[in-house]
Amino acid sequence: MTQQFNSGFSAWLKRDLVLAYRRRGDAAGPLLFFVMVSTLIPLGLTPESARLADVAAGMIWVMALLATLLSMDALFADDHRDGSLEQLLISPQLLPMPILGKMTAHWLITGLPLTLASPLLGLMLSLPAAGFVPMLCSLAVGTACLSLIGGVGAALTVSLRKGGLLLSLLVMPLYMPVIIFGSATVGYALDGLNWLPPLAALGAMLAASVALCPLAAAGALRITSVN
Amino acid sequence: MNWQWFHRLGSPRWFYQTTERWLPWLYLAALTILSVGLTWGLAFAPEDAKQGNSFRIIYIHVPASFLALAGYYIMASAGAIGLIWKMKLSYMVMKAAAPIGAALTFVALVTGAIWGKPTWGAYWVWDARITSMLILLFLYLGVIALQYAYQSVDAASKAGAILALVGTVNIPIIYKSVDWWYTLHQPATIKLTSAPSMHPDMFQPLLVMILGFYIFYALALIVGTRSEILRRERKTGWVRELAAAEVRS
Amino acid sequence: MPDIQKSFAREDPLSQPPLVSVENLAFERDDTCLFENIDLTVNAGDILQIEGPNGSGKTTLLRLLTTALEPRSGFIRYRGQSVTACRHEYLSDLLYVGHQPAVKLTLTAEENLRWMVAASAGSNNLSIQEALQLVGLSGYTDLPCYALSAGQHRRVALARLLMSQAKLWYLDEPFTAIDKQGVAFLESCLQRHVDAGGAVVLSTHQDLALGAVRKYKLEGQGRGLRS
């Protein structure tokens, strides 16, 4: 039974990674969005580094959230269109494991690159030095939550033609705790406080999401993909 | 155990015919209790020492906020019953509950803003409770939008139910994190409606208003569900007969 | 040979329950009944052709058989057991090729087939190269599938049939977009499968040039309202 669990998880994880690699241009989209939007902030707000430093952490988090949302609707939609999802639904494997595999792949393709690119944005937005490590940690954990929660929304809207916008509306409220604790982690560090507690709260959310989101997405796919 | 009542409860026709008899009483009760509560609260309750008469908006604001949140759980429970027991009636209840809940949330937000102007000097303040209410409104709108996005009624109901359930898991997390976020940024200096410190003369009409809102909510939910029943069962024999009788009279 | 088996099974149903039996199956979508009282049995060695006008529910019936859809009422049994009770065994023993061939355009034919075989339960000792050669794609194995035609996509999906060990084949319009030689080849495939004790349920408007095809007609007149 454990082998079954693994095979469903790692097979779909690997497959999605290969598919993303073949379409690197598409996969790079959220990352480019993330970097480009950060140029708008000094233009729209102020080039003054002191004022930028105040908003840097929150802005980076908001942009990471938007960049994730941008890529979310492709999670199941492509598989739905070409019939792979139908095959997944009738495979003898337990459905949540392949779905968790796909969500993990989504994080590796979008969340992880965003996290790794965030120090660059931190520099551009004059984030104080004390904020870099907390920002990396909180983004690494937080974007994983975003991929998992967003996956539920993607499953709910998979068969809709204009699912992308609706998906954003559905999951945005569910993302709010993540952004609160994510930017608070950086905020605590900048205030010289112990930033582990808010990070731990993010970790707790990740644990709950890993347990619940694949189940909810599996239930949703069984309903939405056949209608 | 006799499950007869449970199956009968699942029949839209039975629900439609039974509630027909309840409606006049519910209308009467809602009207009476709400007018008693309003008159009492607006005319006879004493003026607040600090806020003067502006505090009286709580007689709308507090009950509306109560039911906005309770309504989400009612909606999600109806969705869960539909998913578990495949009961079509409860999907109709869920669909009817969403716009009512959203409207109450909106009322709570608007009255909060009106109340905010004389108290805080601004219509909108990012207070923990107001922010949570706003997120609750977004959750409601999500459920409504998702249900309208699907052509198939079955898919719309089930997808809406799953989203509502995901929302229920999230609401406590959202509320707690928003509370925490608020204390982090600006410690709560103005505490307005901590109920136990309210004078009993102010508090009693509030209780009456909350009761009145509950009855009003039940009434709105039943009326909404009845119209949803007619819409979804419009092709069945009994609804056609009903419509024919309506035309004749 | 198949005929003897069938009559034997009918005379003494208790000793050998049919491979799949459908009892009193009904399906409705949005309170509109698509069909009711579907009864059919599939024995080893059967080819069952589902016929009916457009919209009579052929695809829906096949999807019900794969458990992707849930019936309003009625049972599907696999070797005498309800499929909800032996879901894993049943799904491991069936192979479904739907309208969409589940071919990923960025992967090559070979990669697609390798992935499909890995995701299904088991495979025989035919190699992927051999299978692709048999379906007439030997020169195309290393091209990404977006360079191939619709008929060739279908051939990739049908190459699965050659490699599968599943007893039950459910094929939804398998002859769509396939040329004459392809049709003949597929028919010989089906014949070989049932001769080896497998069973095929397929929907097609085409008359098959095969000996023992049973037909099941969906009238498309089941449309009516729930009482």
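# Exercises on chains A, B and C

## Exercise 1: chain B against chain A

Task: State how much area is buried between chain B and chain A, and what share carbon and sulfur atoms give.

Solution. 
- Step 1. The area buried between the two chains is about 2000 Å².
- Step 2. Carbon and sulfur atoms give 87% of this area.
- Step 3. On the chain B side, B:Tyr150, B:Ile162 and B:Trp180 lose the most area to chain A. Together they account for 26% of what that side buries.

## Exercise 2: polar terms and elements

Task: Count the salt bridges across the interface of chain B and chain A, then the residue pairs in polar contact.

Solution. 
- Step 1. The rule finds zero salt bridges here.
- Step 2. One residue pair is in polar contact, with both residues at pLDDT 80 or more.

## Exercise 3: chain B against chain C

Task: Describe the interface of chain B and chain C by its residues, its buried area and its salt bridges.

Solution. 
- Step 1. Nine residues of chain B are in contact with seven residues of chain C.
- Step 2. About 620 Å² is buried between these chains, and carbon and sulfur atoms give 33% of it.
- Step 3. B:Lys88, B:Asp154 and B:Lys235 supply 50% of the area that chain B buries against chain C. That is more than any other three residues.
- Step 4. The rule finds two salt bridges across this interface.
- Step 5. C:Glu28 forms a salt bridge with B:Lys88. Their closest N and O atoms are 2.9 Å apart, and the cut-off is 4 Å.
- Step 6. By class, the side of chain B that touches chain C has one nonpolar, two polar and six charged residues.

## Exercise 4: buried or exposed?

Task: Explain why A:Glu86 counts as buried and why C:Ser138 is partly exposed.

Solution. 
- Step 1. Locate A:Glu86. It lies in helix α5 (residues 84-89) of chain A.
- Step 2. A:Glu86 counts as buried because its relative accessibility is 12%, and buried means under 20%.
- Step 3. Beyond four places in sequence, A:Glu86 is in contact with C:Arg63, C:Tyr96 and C:Gln100.
- Step 4. Locate C:Ser138. It sits in the loop between α5 (128-134) and α6 (150-163) of chain C.
- Step 5. C:Ser138 has a relative accessible area of 45%, so it is partly exposed. Exposed would need over 50%.
- Step 6. Leaving aside neighbours within four places in sequence, C:Ser138 is in contact with C:Leu132 and C:Gln133.
- Step 7. C:Leu126 is 12 residues from C:Ser138 along the chain, and their C-alpha atoms are separated by 14 Å.

## Exercise 5: the fold of chain C

Task: State how many helices and strands chain C has, and how much of the chain is buried.

Solution. 
- Step 1. Chain C has seven helices and 10 strands.
- Step 2. Of its 227 residues, 52% are buried.
- Step 3. Take the contacts in chain C with a separation of 6 or more. Residues 24 or more positions apart account for 72% of them.

## Exercise 6: confidence

Task: Find where pLDDT is below 50 in chain B and in chain C.

Solution. 
- Step 1. Start with the complex. The predictor gives an ipTM of 0.91 and a pTM of 0.89.
- Step 2. Chain B averages a pLDDT of 88, and 91% of its residues score at least 70.
- Step 3. In chain B, pLDDT is below 50 over residues 187-192. This stretch has seven contacts beyond near neighbours in sequence.
- Step 4. Chain C has a mean pLDDT of 82, and 89% of its residues reach 70 or more.
- Step 5. Within chain C, confidence is highest in strand β7 (residues 168-172), at 92. It is lowest in strand β10 (residues 224-225), at a mean of 40.
- Step 6. In chain C, pLDDT is below 50 over residues 1-13, a stretch with seven contacts beyond near neighbours in sequence.
- Step 7. Residues 223-227 of chain C also stay under 50, and the model has 11 contacts for them beyond four places in sequence.
- Step 8. Where pLDDT is low, predicted coordinates should not be read in detail.

Conventions
Residues are numbered from 1 along each chain as its sequence is written. Chains are lettered from A and ligands numbered from 1 in the order in which they are written. This is a predicted model: local features need pLDDT of at least 70, side-chain atom pairs count only at pLDDT 80 or more; totals for chains, interfaces and linings use all residues. Side-chain values use heavy atoms; hydrogens and water are left out. pLDDT is the predictor's confidence in each residue, from 0 to 100. Contact means heavy atoms within 4.5 Å. Helices (H or I, at least four residues) and strands (E, at least two) are DSSP runs, numbered from the N terminus. Buried means under 20% relative accessible area, exposed over 50%, partly exposed in between (1.4 Å probe, protein chains only). Buried area is the accessible area (1.4 Å probe) that two parts lose on being put together, summed over both. A salt bridge is a side-chain nitrogen of Lys or Arg within 4 Å of a carboxyl oxygen of Asp or Glu. A polar contact is a pair of N or O atoms within 3.5 Å; within protein, one must be able to donate a hydrogen and the other to accept it, and residues adjacent in sequence count only if both atoms are side-chain atoms. Ala, Val, Leu, Ile, Met, Phe, Trp, Tyr, Cys and Pro count as nonpolar, Asp, Glu, Lys and Arg as charged, and the others, Gly among them, as polar.
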